[in-house]
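Subject: A structure for you to look at

Hi there,

Here is the structure I promised you, with its sequence. Have a look at it first, and then read my notes below.

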Amino acid sequence: MKIALFPGSFDPITKAHVDIVKRSVGLFDKVYIGIGANSSKQGLLSVEKREQMLRAVFESEPKIHIVAYDGLTVDFCKSIGAQFMIRGIRTVSDFEYEKAIAQMNHVMAPEIESIFIVSKPGYSSISSTIVREIMRHGGDVSQFIPKEAQAYL
C-alpha cells in the first residue's frame, strides 16, 4: 500500500492546498493530511478548528485522512507508515526551501521519499500567510479558500 503524508499548517487551507491534495489522491492508496505545529508561524486558527475545516473540505474523499501531529515530520511519517511526503511548490524560493528540508529528511529517514508537486500557475501566489494577513485586515478571502472552509474562518 502506498501511503503519503501532505504536511502543513493549513492555517487556513487554500485552494492551492486543495489542488495539490486532489492531484495526489490518484498517486497513492492513502493520503494523510498532517496538521503540524510550526513554531516559526503565528497561528490564526486553533488546531481543532483546522481539523474540522479540513474534514469539511475533504469529507467525500475516502482516501484522505486528517490528523494533527507534533514533532519531526519524518518521525510522524514513520508512525503512520508513510513512505512518501508530498510538498507543493509554488515558486523557485519554495523549491530551494523544500529541497533543503527534503535532503535533511533523507539523511534522517532515507526510506521516506519527498514528492514535489508544482502548483498550477493560477495558484502560485496563494499562501496561507497572505490569506491570514488579508483576514487580519478585514479583507475578503473567499476567492482564495475553498467554500467548505469559509464557515470556519
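This is a predicted model: local features need pLDDT of at least 70, side-chain atom pairs count only at pLDDT 80 or more; totals for chains, interfaces and linings use all residues.

Residues are numbered from 1 along each chain as its sequence is written, and side-chain values use heavy atoms, with hydrogens and water left out.**The whole chain**

The protein chain has 5 helices and 5 strands; helices (H or I, at least four residues) and strands (E, at least two) are DSSP runs, numbered from the N terminus. Along the sequence they follow the pattern β-α-β-α-β-α-β-α-β-α. The radius of gyration is 15 Å, close to the 15 Å that the globule rule gives for 153 residues, so the chain is as compact as a globular protein of that length. That radius is taken over C-alpha atoms, and the globule rule is 2.2 Å times the number of residues to the power 0.38. Of the 153 residues, 43% count as buried.

**Salt bridges**

A salt bridge here is a side-chain nitrogen of Lys or Arg within 4 Å of a carboxyl oxygen of Asp or Glu, and the count comes to 9. One of them joins the side chains of lysine 120 and aspartate 19, at 3.5 Å from N to O. Lysine 120 sits in the loop between β5 (113–118) and α5 (128–136) and aspartate 19 in helix α1, so this pair ties together parts that are 101 residues apart in sequence. Lysine 120 is partly exposed, at 43% relative accessible area.

Another salt bridge pairs aspartate 11 with arginine 50, with the closest N and O atoms 4.0 Å apart. It links distant parts of the chain: aspartate 11 is in the loop between β1 and α1 (15–25), and arginine 50 is in helix α2 (residues 47–57), 39 residues apart. Aspartate 11 is buried at 3% relative accessibility, and arginine 50 is buried at 9%.

Arginine 136 and glutamate 133 form a salt bridge too, with a closest N to O distance of 3.7 Å. Both lie in helix α5, 3 residues apart, about one turn of the helix.

**Inside the fold**

Which residues of helix α3 (residues 73–80) are buried? They are Thr73, Val74, Phe76, Cys77 and Ile80. These residues lie on the same side of α3, because they cover an arc of only 160° around the axis; the arc is that of the directions from the helix axis to the C-beta atoms. Their cover includes β1 (3–8), β2 (30–36), β3 (64–69), β4 (84–89) and α4. Just after α3, glycine 81 takes a positive phi of about 75°.

Alanine 4, in strand β1, is buried at 0% relative accessibility. Leaving out residues up to four places away in sequence, alanine 4 touches several residues, among them Phe28, Tyr32 and Phe84; contact means heavy atoms within 4.5 Å.

**Helix α4**

Asparagine 105 is found in helix α4 and is buried, with a relative accessible area of 10%.

Enjoy exploring it!

Key:
Buried means under 20% relative accessible area, exposed over 50%, partly exposed in between (1.4 Å probe, protein chains only).
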